[in-house]
Amino acid sequence: MRAIVVSATGGPEVLTYVDDQPDPEVNPGEVLVDVAASGVNFIDVYHRMGRYPLSLPFIPGEEGAGTVVAVGEDVHDVAAGDTVAWAAVPRSYASRIAVPASKLLPVPEGVTPEAAAAVTLQGLTAHYLTHSTYAVKAGDDVLVHAAAGGMGLLLTQIAKLRGARVIGTVSTEEKETLARQAGADEVLRYHGFADAVRELTGSGVHVVYDGVGATTFDESIASLRPRGMMALYGQASGPVPPVDPQILARNGSLFLTRPSLNAYIATRDELVWRASEIYGWVAEGRIRVHISNRYPLAEAARAHADLESRRTTGKVLLIP
């Protein structure tokens, strides 16, 4: 099979394309899938850089969709020919992958394999952030950073479905247009956004969804109303330095959480519930999946470089 292999951590150049990897073995409880598309996410960047260490060498990637070609023993609910997707499953930058059946998600009619590969991991994340970490209510003010990125566009659309007013941050006019098309009510640039948020809301927002990290953290805290929630779900600009908990008291008894996907899909029922809602909204046209860039698998290094330099909007896919 074809795959991307990382033998040493570092920049995008460590993503090495190989076309003679052995096909994965299919163990009991697993399913072999021909990959139609693999999603590119910032967690893949963190793995490549060694920020979230993995044993070397490894095949990166945690998300994708494709067609079942074989099933292992003890697998009963999946058959060859089914279209399936997955998230939080390693070794996804490949033309074939063995996926635990417990992690597979059936892709319904009306959702293409590329759309499923683009929406699964980020959709599950946006779902838990808006439904569980802080359950957005009608009338809430919500601040979404990087509102034109893959996560930002989904967070904006889902928060709007739940009746919120969404304030987004972006870096360019082009990205502002995308954020507004997704439903953002107000769109700000990053410089001085906390003051602008307070001018718009009076007392601050109910929740900040921050996947940027180091460069936005302080102003994100300053954007919250008393007892507001800071959901720091990523660190695209780098990790946040150690925080004095007194900052939460001084700013009005704030809540700070650093959530991760696995804690919110800890059971099969929870995983299927979240995915079914996301796929349903896509099939019904209630949320749009914006795929900005498709790269051949062999160009994974370019995909990472473009993602890190903010040359992309929406979702980035690798096509084996």
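Is Y46 buried or exposed, and what is its relative accessible area? Y46 is buried, with a relative accessible area of 5%; buried means under 20% relative accessible area, exposed over 50%, and partly exposed in between, with a 1.4 Å probe and protein chains only. The structure is a predicted model, in which local features need pLDDT of at least 70 and side-chain atom pairs count only at pLDDT 80 or more, while totals for chains, interfaces and linings use all residues. Residues are numbered from 1 along each chain as its sequence is written, and side-chain values use heavy atoms, with hydrogens and water left out.

**The chain as a whole**

- The chain contains ten helices and 15 strands; these are DSSP runs numbered from the N terminus, with helices being H or I of at least four residues and strands E of at least two.
- For 320 residues, a compact globule would have a radius of gyration near 20 Å, and the chain agrees, with 20 Å. This radius is taken over C-alpha atoms, and the globule rule is 2.2 Å times the number of residues to the power 0.38.
- Along the principal axes, the C-alpha atoms fill a box of roughly 60 × 40 × 35 Å.
- Of the 320 residues in the chain, 52% are buried.
- Among contacts (heavy atoms within 4.5 Å) with a separation of 6 or more, 68% are between residues 24 or more positions apart.

**The surroundings of Y46**

- Y46 lies in helix 1, which covers residues 42-49.
- Beyond its neighbours within four places in sequence, Y46 is in contact with R51, Y52, G234, Q235 and A236.
- T9 and Y46 are 37 residues apart in sequence, and their C-alpha atoms are 9.6 Å apart in space.

**Helix 9**

- Helix 9 spans residues 268-284, and its 17 residues reach 24 Å from the first C-alpha to the last, close to the expected 24 Å at 1.5 Å a residue. The expected span is 1.5 Å times one less than the number of residues.
- Its buried residues are L271, R274, A275, I278, Y279, W281 and V282. Viewed down the axis of helix 9, the buried residues fall within an arc of 155 degrees, so they line one face of the helix; the arc is that of the directions from the helix axis to the C-beta atoms.
- D269 and E284 are exposed on the other side of helix 9.
- The buried residues of helix 9 pack against strand 5 (83-87), strand 7 (105-106), helix 2 (113-133), helix 3 (150-161) and helix 8 (261-264).
- G285 follows helix 9 and has a positive phi, near 80 degrees.
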